[in-house]
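Hi there,

Here is the structure I promised to pass on.

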Amino acid sequence: MSKFGKSQSVKRLEDIRLLTGHGRFVDDIAPQDALVAFFLRSPVAHAEITALDTSDAAGMPGVVAVLTSADLEEAGVKLGMRSVPIGNRDGSRGARPERPVLAKGRVRFVGEPIACVVAETLAQAKDAAEAIAFDFAELPVHLDISVGGEAIHPEAPGNLAFDWAIGDEAATEAAFAGAAHRVSLRTVHNRIIVNSMEPRVAFAEWDSSRLHFCFNGQGVWNQKDELAESLGLPKEAVRVTTPDVGGGFGMKSFNYPEYLVISHAARALGRPVRWTGDRTESMLSDNAGRDLISDAELAFDADHRIVGYRVNILSNLGAYNSNFGQLIQSEVASKVMTGVYDIKTAFVSAKGIYTNTTQTDAYRGAGRPESITTLERLIDKSARVLGVDPWELRDKNYIRNFPYDTVAGEVFDVGDFPRAAARARTEADVEGFAARRAASAKAGKLRGLGTCYYIEAILGDANETAEIAFNEDGTVSLFVGTQSNGQGHETVFAQFLSDTSGIPLDKIRIVQGDSDLIAKGGGTGGSRSVTVQSTATLATVEAAIEAFTPFVADALDVPEADVDFDEGAFRAPGSNRVMTLLEAAEQARASGRNDLLRHKREIELDHRSYPNGAHIAEVEVDPETGQIQLLAYTVTDDFGNLMHPQLVEGQIHGGVAQGLGQAVCENAVHDASGQLLTATFMDYAMPRAEDIPMIRFTTEPVPATGNPLGMKGCGEAGTVGALAAITNAVLDALWDEGVREVQMPLTPLRVWTWLKEAREESVAPVH
């Protein structure tokens, strides 16, 4: 049988349901008689709680319960949420302050939940929340990404969460000491808010012995484990489900306080309880992304070959550690810190800082987009400082021999970076750029071209399961351990099963997001889903074929050794007898062979895969207003083997749009007291359709060796490449005007100001 998908772009199976209003999102399926939860949140960034009186609120119309941290503790609920600290460079453990589900003793960021009102209607719950007497004594805030200031946690003097490092510091120092050229750059990665189309939503119900929790996340098993642990329930007494999800983006993979509180409320009250975050509430309480400062340096020899790289990172964690992100943060930051370049010595140090802001998604806080953006912007600056062409500098330093052992211990298995870069140059018509720049200049505009060559390490959880069940109605259910968030996974998973088994696409049903039906899984995130899930599906199909072969041989009255499975059916060479898997399952059911009707396998991939590619952005800047227009965007990626090219291209489009948002307009801003000033779409700018040009996408695949399908993952690739490509393009447009540094977001005011300052400096008298 063929082990690979046919790389055909079939119609998305979920589109008809989603586009005609038949989607099953959490709010669509919540019990109609559910009580409604509303959370009183802290109006200040840092304060001691001096009084919290809920008695008036508890007596208001429609109110069923008002819960505080004291109520949860009295009921035996474990108040502290899970967190994973990382070790310091001296071998000690990083800070691990408790994050209470509801504030206890102190509040540490604006929007931190303090109390939960459960009422018959949302209006009643909101009215009651206003009646809660909450008094506090404000404390100094710490907002700078720096060590020092008023301690947010006693366990973290100086607000230092961790001081971590990786690499060979001595060898890197020696490389810099002997270098012919050294170039440095500071990159400020602005804080962004995810703003998924569907905010976080959940409901919980209790049936006297068992909890059912439903939410719109990226996997059900972490939630199941933490709910069981916090509520003191055996795991078998907790069922977690996830229906359709309107976007996750990493933010929905975490556990949040609201989930535990409404689960406890449902159990305590014996009635379903639902909660839906509104947009401003989400902006205040969702894990944010990015928010770090990277100081990076490259050392070159006389021939402009890179001999050393070092980075110092200050990362804003917000008020608390995240559930699991910081551990991954360090791994990701280190494993891709050398990018696609042949760097022999490197050293990365990172400090995590607590501030009075909502916590960041630390997985994104110093991960793939940030590390690649820093390196690629530094490469671009180095080319300007050294007086060489940026394409030539990259080409001189590309890794060309594989497998390649990085200085961080990762092994890049395959790649052809010069080939992808050359294809991108051709597709973007780089040779014709000079003429286009001249035309812009005649029109009074500044034109720039920027590039980025990215690489990322994908996988996340290397384990995954798949189960195939042949149903009585002639359909087949494929149980998957990942979770679609709108990417088209249902289509891809069904398509791959159809390609490998011969089962018609319209006969396949994808089952996901139910901890009762799927015992374990890795969820979605880290561009892992299609690679690991399809590998697990392939193993399950092979197991099913192996199990069915003796039965089919008997049914066809041929020796078992003569039966082969090819082109979607069992065949016997020299015979015209053919039997499909569905036909075999039907006969097995009729024969009482129920053991043949379900097949399950679990796989573990040996190592990661490394999607990579070249992004080229072409921009035009209006010097009178600072307005940036992205004129053209070209991507040539190496994703290995593709299963559904159209969905891959869609992922790139969405990723580039997200990268454009951060590069040009998105920015979470707090005032000096810690108040979020960008808590609505009136103040937080999102990219719009008119901001995004048609994106040219091509592939130059080099199949991966880390999985039997040769795939590399694509979910985050658009964003990883877009940040540096767009920023480099804008700097290129401004360079001849005297601007030597730009930082995201590249808003019109900032661009105009940089130009103004550069021009004033150029005409300033020399004293």
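**What I found**

The side chains of Glu-281 and Arg-41 make a polar contact at 2.9 Å (a pair of N or O atoms within 3.5 Å; within protein, one must be able to donate a hydrogen and the other to accept it, and residues adjacent in sequence count only if both atoms are side-chain atoms). Glu-281 sits in helix 9 (residues 279-285), and is buried at a relative accessible area of 8%. Buried here is under 20% relative accessible area, exposed is over 50%, and partly exposed is in between, with a 1.4 Å probe and protein chains only. Helices (H or I, at least four residues) and strands (E, at least two) are DSSP runs, numbered from the N terminus.

Before going further: this is a predicted model, in which local features need pLDDT of at least 70 and side-chain atom pairs count only at pLDDT 80 or more, while totals for chains, interfaces and linings use all residues. Residues are numbered from 1 along each chain as its sequence is written, and side-chain values use heavy atoms, with hydrogens and water left out.

Next, helix 13 (residues 390-397). Asp-389 caps its N-terminal end, with a side-chain oxygen 2.9 Å from the backbone nitrogen of Trp-391. Trp-391, Leu-393, Arg-394 and Asn-397 are buried in this helix.

Cys-452 is in no disulfide either, with the nearest cysteine sulfur, that of Cys-714, 17 Å away. Cys-116 is buried, at 0% relative accessibility, and Cys-452 is buried at 0% too.

By contrast, Ser-208 is exposed, with a relative accessible area of 62%. Ser-208 lies in the loop between strand 9 (201-206) and strand 10 (211-215). From Ser-208 to Gly-659 is 451 residues in sequence and 47 Å in space, C-alpha to C-alpha.

Enjoy exploring, and do write back with any thoughts.

Best wishes

Definitions and conventions: A disulfide is a pair of cysteine sulfur atoms within 2.5 Å.
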